Amino acid sequence: MGSVTRANLDKQPHEVASMFDDVAANYDLTNDVLSLGQDRRWRKEVAKAVDARPAQKILDLAAGTATSSQPFARAGAYVVPCDFSLGMLRVGKQRHPWMPFTAGDGTKLPFRDDVFDAVTISFGLRNIQDTEQALRELYRVTKPGGRVVICEFSHPTWGPFRTVYEEYLMRALPPVARAVSSNPDAYVYLAESIQSWPDQPTLAALLQKAGWSKVAYRNLTGGIVALHRGYKHP
């Protein structure tokens, strides 16, 4: 696989989209394997935090194949899975033909102001080139009084565990990805993007800067993942 350099993170949006197109077919299975099944637990926590209700409108940004959208739909909400990877959207549409899949750039969402009761993004904010603009766009399309839930990889809070985790990311993840993924290089990029991602307090500050109020976060699995929440002023 070779060493990972900062160049891996200098991908243009179309290059990142193409990378996800390549892994779309086996994406959900690969994530399940690489996370040792933890991704299912994390998604359950997202569903609880979003707390979708019947007839509410939910935006699931970076939804991929819409696996993350299913709990909201089961709750009776009208959920829009949105992603910039057409490959992901095609696979998702084959699996869930009744869902309103929408192609969209997280920095310029194709929706009117004040549309959604809740907006959420899981494991996709890292892959949007301008994080602050994406947070502002999510704020723009949310109704006053609405909420945002962000589930993203973060930084373990206990030093020894953080060291073990980072070793796994850069040494164990690539060979596992080679065994289960159609494009293992994509997972090298993802590992590097996780290491370079802001920590929990920094992301919380970016949410506040974008206009969100009552911002809070909690760690899952020792801080491997963090769940951030916020509200739009009524």
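Author: A definition comes first: a residue is buried when its relative accessible area is under 20%, exposed when it is over 50%, and partly exposed in between, with a 1.4 Å probe and protein chains only as cover. The model is predicted, so local features need pLDDT of at least 70 and side-chain atom pairs count only at pLDDT 80 or more, while totals for chains, interfaces and linings use all residues. Residues are numbered from 1 along each chain as its sequence is written, and side-chain values use heavy atoms, with hydrogens and water left out.

Reader: Is Lys93 buried, partly exposed or exposed?
Author: Lys93 belongs to helix α5 (residues 86-95); helices (H or I, at least four residues) and strands (E, at least two) are DSSP runs numbered from the N terminus. Leaving aside residues up to four places away in sequence, Lys93 touches Met99 and Phe101, where contact means heavy atoms within 4.5 Å. Its relative accessibility is 36%, so Lys93 counts as partly exposed.

Reader: How far apart in space are the C-alpha atoms of Met88 and Thr65?
Author: Met88 also lies in helix α5. With a relative accessibility of 2%, Met88 is buried. Met88 and Thr65 are 23 residues apart in sequence, and the distance between their C-alpha atoms is 5.3 Å.

Reader: How many helices and strands does the chain have, and what share of its residues is buried?
Author: The secondary structure comprises 9 helices and 7 strands. Of the 234 residues in the chain, the buried share is 52%.

Reader: What share of the contacts between residues at least 6 apart in sequence joins residues at least 24 apart?
Author: The count here takes contacts in the chain between residues at least 6 apart in sequence. Among these, the share that joins residues at least 24 apart is 69%.

Reader: How many aromatic pairs does the structure hold, and what is the arrangement of Phe111 and Phe116?
Author: Rings of Phe, Tyr and Trp (its six-membered ring) pair if their centres lie within 6.5 Å; planes under 30 degrees apart count as stacked, over 60 as edge-to-face and the rest as tilted. A search of the whole structure gives 5 aromatic pairs. For Phe111 and Phe116 the ring centres are 5.2 Å apart and the planes stand at 90°, so the arrangement is edge-to-face. Phe111 and Phe116 are both buried.

Reader: Why does the pair of Phe123 and Phe153 tie together parts that are apart in sequence, and by how many residues?
Author: The ring centres of Phe123 and Phe153 are 4.8 Å apart with planes at 45°, so this pair is tilted. Phe123 is in the loop between β4 (116-122) and α6 (131-141), whereas Phe153 is in strand β5 (residues 142-153), so the parts tied together are separated in sequence by 30 residues.

Reader: Which residue forms one aromatic cluster with Phe123 and Phe153?
Author: Phe123 and Phe153 are both buried. The residue that forms one aromatic cluster with Phe123 and Phe153 is Trp42.

Reader: Why do the buried residues of helix α9 line one face, and which elements do they pack against?
Author: In α9 (residues 200-209) the buried residues are Gln200, Leu203, Ala204, Leu206 and Leu207. Seen down the axis of α9, these fall within an arc of 160°, so they line one face of the helix; the arc is that of the directions from the helix axis to the C-beta atoms. In general, an α-helix has 3.6 residues a turn, so residues three or four places apart point the same way. The buried residues of α9 pack against α6, β5, β6 (213-220) and β7 (225-231).

Reader: What is the phi of Lys214, and is this residue buried or exposed?
Author: Most residues other than glycine have a negative phi. Lys214, in strand β6, is a residue other than glycine with a positive phi near 50°. Its relative accessible area is 69%, so Lys214 is exposed.

Reader: How many disulfides does the structure hold?
Author: A disulfide is a pair of cysteine sulfur atoms within 2.5 Å. Cys82 has 0% relative accessibility and so counts as buried, and Cys151, at 1%, likewise counts as buried. The number of disulfides in the structure is 0.
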